[in-house]
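Dear colleague,

I am handing over the structure we spoke about, and I would be grateful if you could look through it alongside the notes that follow.

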Amino acid sequence: MSTIVTTAPLRLRPVEEQPAAAGRRKRGLIYVRVSKARADMISPELQVGHALTLARSENIDVVAEPIMDLGESGREFEERRIEEIKQMARDQQFDVLILWIWSRFGRNLRESLQHLDALMDYGVEVRAAKEDFDGKTTIGRFAIAQMLNIAELESNQKADSWRDTFERRRNKGLPHSNRGRFGYYRCETCPKWEFGHKLETCPKCRNGILKVDPVTGPVLARLYRDYAAGVSVRRLLVDLNRQGIRTFTGKPFTSGDLHAVLDSGFGLGYVRYLIPELSHQVVTNDDGTTKKKRANRQRDVTAFLYYGGAHDAVLDDPVECERIWDAYTKRRMAQSGQSFFSNRPRYSLSRHLRCSGCGGRMQTALREKKYRRPLVDGLPNPLDVTFRCANHIDSKSCPVNGTYVSLAVAEKWLLHWLDREAQMGKEEADAVAARIDALRTQSDGDQALLTRIESIQSQLEGLRTKDDKLTDAVLAELVSKDSARRKRAELDTQRTVLVQEQSELRAKLQETPVQQPRPPQAHLLTARRIYVAASQADRRELVSKLIREIRVNKGGSGPDKVAIYPLWEAPPPWIPRKSPTGS
């Protein structure tokens, strides 16, 4: 009997098809995540150090700076740089992703495995320096899944522990957090609270019950009484800042700070806790999938449950506290229901004026009552209305220390601009027509972007349908799980590419101002005549159909005081300016 000799398989390929990476060392990329920046955190330097040790021992070349997600939770992936890493993997910029431990990648088992599968489908190997398993083997993949499962278990246990802690504090009449409050203090020996540092308390303050501050406590009591009596928020803020009274963190009061202090009800003896059903909301992603996301923190008093606190109120009489709280919440909810009406612009150029120094909005101020002129159509005379840079007034953050202009001056130069546009000569009109042709070309490009976005949305819906059919096929045992996994990975790759392209196109559209055709000169002449005879509300509506924005410059009330940009012209980008002192 002759012996059959089996030779090794031989594959022939052209020279140009030989793998380009043959013989070279693997390229590595380090990923670091810290859930919260604090003194006792696992520092990014420690994580990078362990990753570099693994890279040196495995002869891996680290080809880029570590990608870091600092202050990001492992349970969420939207705000992190995982998509950036996946794009680099698609572009074949690295071969190995190095972590410190597997929990740094994520504490959500399902989504973590989906992103890891996508990286492995791109040919990327994922390693953890302190929990190193071979993800190419069955046992290695099982071990990785177990480590991620443990990470999710730890996260869920921490969440349960925090819920128990909050319930225990609520039963004791303590607030949700242990930081201080305006109008209250702990004692003279406790160190002052500092942002980002752990709160230190002396033994007699460990119970967490705050005491009424003899200085700011009466101020808080007066704020509640005045607000319940109908005193305007602006008057309260002016009085606070004029007296030099600061928030608990040492900043000047703003309207948001004042409402945050009063809405808590702490000064009247209450502690509040968010209604659990309002803590999260369900959002729909671009690909049609849904996800639970933490709701916006800006909530009104109706989003909380108020309990009696263990601390003393700033008012001695409990009956008065209850009466003032009822009056406060009644006025607060009435203002909340009228927020859209109260924020409605009153004047012709409201919401169109912008500070040329910082690009911020302009807020109005009126001349003192004893110097005001008679009303015009029920509103203050335009000579008595001044628009001022809101950033400068609120926080002194405008780099040029703010700009201002009276309504009368702004309207004067707006009418001058209308006259110039309506009486434009032939040569200038031809130049404008040339610009409009260029804008029309740009509009065609924008329409192409919109068409592409609609096409991508249609493709995403098709991928979702395929995914649903694939799930039904697996449940009916028409296809194997391995085949379904490979197909789903292919669908996920296509979906990721489409979603990223759609996001980039939408961002590009938002960056490009919408250009509108210039109206005929006869229409501009008509607008000029109507503006003179119209009320402030009608003027505002007319301006919104012609003007994109009006930038207010520093200096006198001459022709250069304002720069007007109509809807048929794109305004130049904002250029940050230095303050007059050079700071």
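A residue counts as buried under 20% relative accessible area, as exposed over 50%, and as partly exposed in between. Please keep in mind throughout that this is a predicted model.

With those limits, Asp132 counts as partly exposed, because its relative accessibility is 33%. Asp132 lies in the loop that runs between β5 (125-128) and α4 (138-171), and, once residues up to four places away in sequence are set aside, Asp132 touches Leu54 and Arg127. The C-alpha atom of Asp132 is separated by 8.8 Å from that of Ile144, a residue 12 positions apart from Asp132 along the chain.

Glu411 is the next acidic residue I looked at, and it is placed in helix α11 (residues 407-422). Is Glu411 buried or exposed? Its relative accessible area is 6%, and Glu411 is therefore buried. If neighbours within four places in sequence are left aside, Glu411 is in contact with Ser348, Leu349, Pro382, Tyr531, Gln536 and Arg539.

On the cysteines, a disulfide is taken here as a pair of cysteine sulfur atoms within 2.5 Å, and by this rule the count comes to 0 disulfides. Cys389 is in no disulfide, the nearest cysteine sulfur being that of Cys358, at a distance of 3.6 Å. As to accessibility, Cys389 counts as buried because its relative value is 1%, and Cys321, with a relative accessible area of 5%, is buried as well.

The axes of helix α2 (residues 82-90) and helix α3 (residues 109-121) come within 9 Å and cross at roughly 15°. Angles under 35 degrees count as roughly parallel, and α2 and α3 are therefore roughly parallel to each other. The crossing of α2 and α3 is left-handed. On the side of α2 the contact is made by Ile82, Glu83, Ile85, Lys86 and Ala89, while α3 contributes His115, Ala118 and Leu119.

How values were computed. Residues are numbered from 1 along each chain as its sequence is written. This is a predicted model: local features need pLDDT of at least 70, side-chain atom pairs count only at pLDDT 80 or more; totals for chains, interfaces and linings use all residues. Side-chain values use heavy atoms; hydrogens and water are left out. Buried means under 20% relative accessible area, exposed over 50%, partly exposed in between (1.4 Å probe, protein chains only). Axes are lines fitted to C-alpha atoms, for helices over the stretch in contact, and angles run from 0 to 180 degrees between N-to-C directions. Helices (H or I, at least four residues) and strands (E, at least two) are DSSP runs, numbered from the N terminus. Angles under 35 degrees count as roughly parallel, over 145 as roughly antiparallel, 65 to 115 as roughly perpendicular and the rest as oblique. A crossing is left-handed if the near helix is turned anticlockwise from the far one by less than a right angle, and right-handed if clockwise. Contact means heavy atoms within 4.5 Å.
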